[in-house]
2 protein chains.
Amino acid sequence: MLAIGEFSRLTHLSIRTLRRYHEGGLLEPELVDASSGYRYYSADQIPTAQVIHRLRELDVPLADVRRILGASDPDQRAALVAEHLVRLEAELARTRVAVSSLRRLLAPDPPPLQVELRAEPEVTVAAVEDEVDADDVGTWFAGAMAELDAALGPPTDAGPPGGLYDNGLFEHGHGRLLLYRPSAEPPRRGRVRPVRLPAVELAVTTHHGEHDGADVTYGQLGSWVVANALTVAGPVRERYLVGPRDTDDSAAWRTEIGWPVFRVGTDLP
Amino acid sequence: MLAIGEFSRLTHLSIRTLRRYHEGGLLEPELVDASSGYRYYSADQIPTAQVIHRLRELDVPLADVRRILGASDPDQRAALVAEHLVRLEAELARTRVAVSSLRRLLAPDPPPLQVELRAEPEVTVAAVEDEVDADDVGTWFAGAMAELDAALGPPTDAGPPGGLYDNGLFEHGHGRLLLYRPSAEPPRRGRVRPVRLPAVELAVTTHHGEHDGADVTYGQLGSWVVANALTVAGPVRERYLVGPRDTDDSAAWRTEIGWPVFRVGTDLP
DNA sequence: CTGGTATCTCCCCCAGGGGGAGAGTCCAGA
DNA sequence: TCTGGACTCTCCCCCTGGGGGAGATACCAG
């Protein structure tokens, strides 16, 4: 039986942290003296403590650590861990994008932006729509796109997929998100259903590369809109001209960003 | 002039976050209405907001973001950013170590540990000693080793360097740390001075690979000590048989870990 | 038995964000 | 000019995963 200080020395987990892990049900001491409250650990618990230590170094949330430790089957445990390694890899990819887009931001001469004003007519499409948290957009997007493809089959010449992004997504971190594919006769299947997109006047530009870097282009487009004295209204639109479905080379990806505007002197009476 | 909601849509920073950045002096609105408190931003502030966004994605602390934005000289700014990219890289290395050591921990059959009992005689060495936080050990270690090498010259055959780790380092996250190199006539120079290391009985094993993974070996050694009914006392000792000074191949590194013990039936009267 | 050290619980603090209440402000349409 | 809805304000609390420190007990060796 090891007192907490001794166990701390053995595992390199601080006493405070061990107590917290006890409270949290992550690592229950083998024995807790009922009268004194002293925690006593056994040497058998050292490996467990070290697994926790490692998982925490990988920023696995305590709740997930608990789940991993609770998995009785070693295979299942390995699967749970692998899941987090995937998450780590995704995070690394995000980091890479952030670094390169930071370089772009800090570069002295930003290339001028090509912006086009376009009147988008009303159109009926096959769409999936949901209330989504900003953090979940990536996951949701993948699922929705898969469902659209399942309902409509392989890409046709009806046009690339697109999305409508509620302003609340940016302002409050959650809002409505609509993903669509053009279709002459939109089916109803699963979450897919026909939706009538209203006509809208858009200021349009094209973002090159990873979607994670798109907010820089958003800013440039927004600046243009502000500078050219047009008024903003309604959800932002995107169209995925070239994306991960088309090529693995993310440098070749093209996302059209459409910012709804009132064209001065045209829409005003 | 853009109200906060509009600016939020343009930069993809949430309204809450923009307010926080204002409070924190990171991104001051161009104008704050004195009577209403409304924040108004200019379109020129969009690039700044996006730089902040990117830096935060890289987990740069707000204080450092402030410093980077405050740097007037672009070169200086680039240097500050580069500093953080170095930190990111170091973190990535730590992650890799954690992953591989996690694999080792979850492997079904841990190889048996070679433990040796050794009576270490009293010895006088050239040492640097300090009170250090656990987080700063790496930095402190590098500095202290450099200072030792400066005082003693290139490696001799007097033996590899070593360290003494106070228990408080593991239990509370800070404690005394002593780094030494054996020397017949220890000099006094800078922080380097002669120190008499007391004689001690050690349970010794050798850790292979990155030092970041050593705590697993610590646990195994500790288990052995507990199981073999010896009592623990005093600071842990390490000796750096092969380290980054010797080879870049971290798989070849060897760290001897010595756990102070009383040998039953020998030290007892 | 006594004193020093270990350990207990409890409360407050940190970063960097989010939720929500309640009040005041802006602006377009009637 | 009024009015209602949308926008924004401040303020307080909560989250995660830790750390600092106080004050009270427990353990254990001399």
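1. Chain A has a radius of gyration of 26 Å, whereas a compact globule of 269 residues would have one near 18 Å. The radius is taken over C-alpha atoms, and the globule rule is 2.2 Å times the number of residues to the power 0.38. Along the principal axes, the C-alpha atoms of chain A fill a box of roughly 85 × 50 × 35 Å.

2. The model is predicted: local features need pLDDT of at least 70 and side-chain atom pairs count only at pLDDT 80 or more, while totals for chains, interfaces and linings use all residues. Residues are numbered from 1 along each chain as its sequence is written, and chains are lettered from A and ligands numbered from 1 in the order in which they are written.

3. The secondary structure of chain A consists of eight helices and twelve strands. Helices (H or I, at least four residues) and strands (E, at least two) are DSSP runs, numbered from the N terminus.

4. In chain A, helix 4 (residues 62-70) packs against helix 5 (residues 74-106) at an angle of about 155°, with the axes 8 Å apart. Axes are lines fitted to C-alpha atoms, for helices over the stretch in contact, and angles run from 0 to 180 degrees between N-to-C directions. Helix 4 and helix 5 of chain A are therefore roughly antiparallel (angles under 35 degrees count as roughly parallel, over 145 as roughly antiparallel, 65 to 115 as roughly perpendicular and the rest as oblique). The contact joins A:Asp64, A:Arg67 and A:Ile68 of helix 4 to A:Arg77, A:Leu80, A:Val81 and A:His84 of helix 5. Two residues are in contact if their C-beta atoms, placed from the backbone, lie within 7 Å.

5. In chain B, helix 4 (residues 62-70) and helix 5 (residues 74-106) pack at about 155°, with axes 8 Å apart. B:Asp64, B:Arg67 and B:Ile68 of helix 4 meet B:Arg77, B:Leu80, B:Val81 and B:His84 of helix 5. By class, this contact has three nonpolar, one polar and three charged residues. Here Ala, Val, Leu, Ile, Met, Phe, Trp, Tyr, Cys and Pro count as nonpolar, Asp, Glu, Lys and Arg as charged, and the others, Gly among them, as polar.

6. Between the two protein chains, 46 residues of chain B are in contact with 45 residues of chain A. On the chain B side, helix 1, helix 3 (46-57), helix 5, helix 7 (168-171) and helix 8 (214-227) each give two or more residues. Helix 5 of chain B provides the largest share, 13 residues. The chain B side divides into 23 nonpolar, 15 polar and eight charged residues.

7. Around DNA strand C there are 22 residues, of which A:Ala3, A:Gly5, A:Gly37, A:Arg39 and B:Leu62 come nearest. A residue is near a molecule or strand if its C-beta atom, placed from the backbone, lies within 6 Å of it. Helix 1 (4-11) of chain A and helix 2 (15-23) of chain B are the elements that give two or more residues to this surface. Its residues comprise six nonpolar, nine polar and seven charged.

8. DNA strand D has 22 residues around it, and A:Leu62, B:Ala3, B:Gly5, B:Gly37 and B:Arg39 come nearest.
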